[in-house]
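Here is my notebook from an afternoon with a structure. Follow along and check each entry as you go.

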Amino acid sequence: MENQKNSFNNFFKDFLNQEQQKAISPKNGVLLVHAGAGSGKTRVITSRIASLIINHSVDPESILALTFTNKAAKEMKERVKNFLQENTKLPYVGTFHSYCLRLLKSSKYFSKSNFSFSLIDEDDQNKIIKGLIQKHNLDKKITAKQVLSFISKIKNETHNPETSSAFLLANNIFQELYHMYEKEKSISNCLDFDDLLIKSYRLFEENPEFKAEFQQKIRHILVDEYQDTNQIQHLILKTMCLNKASENGDFAIDSLCAVGDEDQSIYSWRGATVSNMLNFKKDFKNTVSITLEQNYRSVQPILDTANSVIQNNKYRNIKNLWSDKQANDRIRVIQCASGYQEGQAISLFLKELTSITNDFNTSNAILYRSHFQSRAIEEALIRFSIPYKIIGGIQFYDRQEIKDIIAYLRLILNPFDRLAFLRIINTPTRGLGPKFEEDYLNQWDEQPFLNFKEIAQNFIENNQLTKNKLDQLKSFLEIFNDLSDQDKASNIITQIISRTNYFSYLDQNFEKEDSQSKKDNIKELINSAIFFEKNNSSFSVKEFLEEISLLQELINSNNSNNTQVYLMTFHAAKGLEFDNVMISGVEEGILPSSHSTYIHESLEEERRLMYVGITRARERLLISYTMHRTIYGQISNQKPSRFINELPDIYIKKDDCSKWPYDNFKYYFQNWINNKKYNYNFDQSYTIDSVVNKPSTSSWMIKQKVEHKVFGIGTIEKIENNALNTYLTIKFNNAIKKIDAKFLKSI
DNA sequence: CCCTTACGTGTTTTT
DNA sequence: CACGTAAGGG
C-alpha cells in the first residue's frame with residue numbers, strides 16, 4: 001500500500017503539470033476542467049480516481065466515472081486499472097447510458113413487471129414508426145426519418161418531452177405519432193436509448209429514498225467529454241449531486257469533476273449542448289475552473305495548423321494550445337485525381353513509412369467524414385497488401401444474423417416484445433408471412449396484456465389456421481420450450497441455432513461466402529458469451545443481453561497485432577491519438593458535409609471535426625482531397641474544402657499529385673519522411689520548396705552554363721529543390737526564367 | 001406466399 | 001451504387 005502510494009506520488013510530481021495537479025489533488029469540491037486537445041484530459045480523470053483511492057483512502061465503489069462513448073469508457077477503465085494494485089476494487093466506469101440501464105434494471109423503484117424490458121435501437125424505432133405511418137395511411141405526408149428525429153429532439157430537450165417547446169410547436173401528426181410510438185413501446189415493454197436517461201432522471205426526482213441511497217453510496221463523480229452531454233445528462237448530473245436539482249440546491253456529495261473542450265464538441269446533432277459547460281458554474285456553486293493548454297501530444301506545426309483552422313469559429317472560448325515539441329515540415333496537403341488515387345497515395349505513404357523508419361510500431365490512422373469514403377481507400381490498401389482495420393462502419397450488433405439471434409433472446413426475457421417477435425416469426429422462413437403477421441398483430445392489439453405465447457395459443461385453439469400454418473406456429477413455439485432466462489446465453493444460442501436450423505437457412509438464402517461469414521459472426525457471438533461466462537458463473541442470458549445491448553462492437557474481438565493502419569470517422573477518432581494521421585476527402589460537400597454548408601452553427605461543427613482530426617496526430621499529418629469522386633455511383637466534380645484555405649498560409653500551396661506515377665509518390669514521401677532529420681532547424685520555413693536535402697540526382701551548380709530547346713543558352717542563377725523536382729533560375733540573353741531542370745541540358 | 005424485376009430514392013456522424 | 005418498396009408471375 002505504501003509502495004503504491006509512493007509510486008503514485010512520484011508519478012504525480014514528475015508527470016503532471018501544475019494545472020493538472022489542481023484538478024487532481026483536492027478530495028472535495030466541484031471542478032470544471034477546460035482541457036484542450038491532447039492536454040492530458042484522460043490522464044487527469046484517471047489520476048484523480050487513483051489519487052482519491054490511494055491518497056484519500058476513498059472506497060473505489062463510491063466513485064462513479066461517466067463517459068460518452070464505450071470506447072472512452074474502455075480506455076479509462078484500463079488506465080485506472082493500471083494505476084491500482086491487482087486486487088483493488090474498481091470504481092464504476094461507463095457511459096451515461098450504461099449506468100442508467102444498470103440503475104433501472106436493478107432498481108426496485110422502477111421495474112414493475114416480472115419480465116425485464118428490452119432495449120430497442122434505431123432500427124427498431126424505425127420499424128415501429130414505419131408501422132404506425134402505414135397503419136394510419138400517413139405515407140404521403142411524413143417520413144419515418146422525420147418523425148424519428150423529432151422524437152429524439154424532444155427527448156433530448158427535457159425530461160418531460162410533451163412539455164418541450166419543440167413538441168408544443170409541432171404539427172399534430174408529429175404529436176400523435178409520438179404518443180402512438182410511446183404506447184407501442186410500453187405495450188412491448190421496451191425502452192429506447194433516450195428513455196434510459198429520462199426514466200433515470202425521474203427515478204431520482206420521484207423517489208427521495210432512491211436518491212438518498214444513491215448519494216449515500218456514490219460520493220465522487222467524474223465526467224469526461226462534458227461538451228458532448230445533452231440536457232438530460234446535465235440534469236441527471238445535477239440530480240445526482242445536488243440536494244434539490246430543480247433549485248440548484250446544495251452540493252450533496254463530496255466531489256464532482258467534469259472535463260471537456262468546447263472545440264471538440266461534435267455531437268450536437270444528438271442533442272449535445274456546449275451550454276452545459278457554460279452553465280456549469282451557474283448550476284454548481286463554488287465551481288473551481290481549470291484550463292489546460294499545454295499539449296503533450298503533437299508537434300508544434302500540427303498545433304499551429306489546428307489553431308489556424310479553429311480560430312475561424314465564432315462561438316468558442318479562446319484557448320491557446322502549445323507544445324514544446326518543435327519540428328519542421330510535418331504537414332503535407334495533396335490534391336488527388338479520385339478517391340481511389342487518394343487511397344493509392346495514402347498506401348504509398350504508408351509503404352514508405354514502414355520501409356524507411358523500419359518501425360512497425362508507429363500508429364497510423366486514416367480519417368474520413370463518413371463511412372462510404374472508406375471503400376476506395378480500402379481497395380487501394382488491399383492492392384498494396386497493407387493490413388488495416390476499420391473501426392465502426394457496419395457494427396457487429398447491427399448485422400442481421402446477430403439481430404435475429406438476439407431477437408430470440410429478447411423474446412425469452414421479454415415475451416411482450418413485439419418487435420423481437422415480428423423480426424423472427426418468419427425468420428427462418430416458415431410460411432408465416434406478412435398476412436399472418438397482420439392478423440397476429442390485430443389480435444395482439446386487442447389483448448396487449450397477453451404475451452406472444454398466449455396469443456399464439458389463442459390462434460391454435462380458435463382453429464382459424466390452415467394445417468400448414470398451424471404446424472408451423474406450433475413448431476415455432478416449441479423452439480422456446482424449456483429455455484429460461486436463467487440459462488447461459490451460450491447454451492441458449494446454440495439451442496436456437498439447432499432448433500431453427502438457422503445455419504441451413506443461411507446456406508439456402510445467401511451466397512456461400514456471405515453465409516459462411518454470417519455463421520462465423522454467430523460463432524463470435526457465442527464466443528463472447530462464453531468469455532463472460534468464464535469470469536462469472538452466474539452469468540445468465542439476462543446479464544448477457546444487458547451487457548451487450550448498448551454496445552456496437554464485440555467485446556473480446558481478437559486484436560490482430562499486425563494492423564498497420566486504422567480507418568475511422570472523425571467521430572470515432574475522438575479521444576484517440578496516432579503518430580501519423582491521414583485526413584482524407586477534405587472537399588466541399590464532404591467536409592463540410594453538404595448538409596451543413598448553409599447553416600452557420602453546423603458549419604462550425606464541421607470545422608470542429610477538422611480540428612479533432614488534426615489534433616489526433618502526434619508527428620505527421622497528410623491532408624488530401626480529390627478532384628473527382630464517385631458519389632452514389634455518379635462521378636462528381638469536387639472542390640477543395642474551404643477548410644483547406646484556413647490552413648496556415650505555408651500549407652495552402654498544395655501538391656497536385658493527380659497525374660503522378662507511382663515513382664513520384666515514392667520520392668515525394670521518401671523525401672518528406674527523411675526530412676525528419678532536419679526538423680530542428682527552426683529558422684527554416686515549412687514550405688517544401690525550401691527543403692534542405694537535395695535529391696541526389698541533382699548536380700547543378702551556380703554559374704554553370706545550360707541549354708534550353710527554346711530559349712537557347714544561359715547561366716544558372718539560383719537552384720531550388722522541392723521533394724520531386726529541381727528548379728533552376730536561368731539568365732538567358734534577354735530574359736531570366738525559372739525552369740524545371742529536366743528541360744535543361746548542361747553544356 | 002415467395003421470388004423476380006423494375007423503379008425510385010436518398011446517403012453524416014453514435015448511445 | 002445499393003438499398004427498400006411496389007408490382008407481377010409462379
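**Ground rules.** I am working with a predicted model, where local features need pLDDT of at least 70, side-chain atom pairs count only at pLDDT 80 or more, and totals for chains, interfaces and linings use all residues. Residues are numbered from 1 along each chain as its sequence is written, chains are lettered from A and ligands numbered from 1 in the order in which they are written, and side-chain values use heavy atoms, with hydrogens and water left out.

**Entry 1: DNA strand C.** Which residues are around DNA strand C? I found Lys130, Arg375, Tyr632 and Gly633; "near" here asks for a heavy atom of the residue within 4 Å of the strand. I sorted them by class and got one nonpolar, one polar and two charged residues. For the classes, Ala, Val, Leu, Ile, Met, Phe, Trp, Tyr, Cys and Pro count as nonpolar, Asp, Glu, Lys and Arg as charged, and the others, Gly among them, as polar.

**Entry 2: phosphate oxygens.** I looked up two distances next. Lysine 130 has a polar side-chain atom 3.3 Å from a phosphate oxygen of DNA strand C, and for arginine 375 the corresponding distance to a phosphate oxygen is 2.9 Å.

**Entry 3: two helices.** How do helix 6 and helix 9 cross? Helix 6 covers residues 122-135 and helix 9 covers residues 172-188; their axes come within 10 Å and cross at roughly 120 degrees. Axes are lines fitted to C-alpha atoms, for helices over the stretch in contact, and angles run from 0 to 180 degrees between N-to-C directions. Helices (H or I, at least four residues) and strands (E, at least two) are DSSP runs, numbered from the N terminus. I then listed the contact (heavy atoms within 4.5 Å): Gln125, Ile128, Ile129, Leu132 and Ile133 come from helix 6, and Leu177, Met180, Tyr181, Glu184 and Lys185 from helix 9. I count seven nonpolar, one polar and two charged residues there.

Entry 4: Proline 592 is in the loop between strand 13 (578-583) and helix 28 (600-614).

Methods
A polar contact is a pair of N or O atoms within 3.5 Å; within protein, one must be able to donate a hydrogen and the other to accept it, and residues adjacent in sequence count only if both atoms are side-chain atoms.
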